[in-house]
Amino acid sequence: QVQLVESGGGLVQAGGSLRLSCAASGDTAEINAMGWYRRAPGNERELVATMSNGGSTDYADSVKGRFTISRDNVKNTVYLQMNSLKPEDAAVYYCCADHGKGSKGRDYWGQGAQVTVSS
């Protein structure tokens, strides 16, 4: 079992910055990749950024050059630095941990952090 607790959401003006944090606890030794997804009202959940244990990253095209994902493996925390925010970035952001392997592998999700961007 893994528990994910997100923090750092809020209201920001367009062009501003926010940093989201996601602290993992529990069976963190079996976590593989960690990442961030988001869901805006009326939209499907979409990938924002992921980072593997080896440090490989993947970003949605819409956030490349503006968002940066990072991990502190000692603190079992993943961060999402969001710069140059746009109104279309407004969504609930969810932290995700890819845990375990094979038939025992599963994803764990945080409770979500609301990000609101005013124009």
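Strand 7 and strand 8 pair in the antiparallel sense over six bridges, where two strands count as paired if DSSP finds at least two bridges between them. Strands here are DSSP runs (E, at least two residues), numbered from the N terminus. Within this pair, Ile69 stands opposite Leu80 in strand 8.

The model is predicted, so local features need pLDDT of at least 70 and side-chain atom pairs count only at pLDDT 80 or more, while totals for chains, interfaces and linings use all residues. Residues are numbered from 1 along each chain as its sequence is written, and side-chain values use heavy atoms, with hydrogens and water left out.

An open sheet is formed by four strands in the order 1-3-8-7, with antiparallel pairing. Strand 1 and strand 7 are its edge strands, each pairing on one side only.

Strand 9 and strand 10 form a hairpin with six residues between them, and Gly100 in the turn has a positive phi of about 75°. His99 stands opposite Arg106 in strand 10.

| Pair | Bridges | Facing residues |
|---|---|---|
| Strand 7 and strand 8 | six bridges | Ile69 and Leu80 |
| Strand 9 and strand 10 | four bridges | His99 and Arg106 |

Leu4 touches residues including Cys22, Met34, Cys96 and Trp109, not counting residues up to four places away in sequence; contact means heavy atoms within 4.5 Å.
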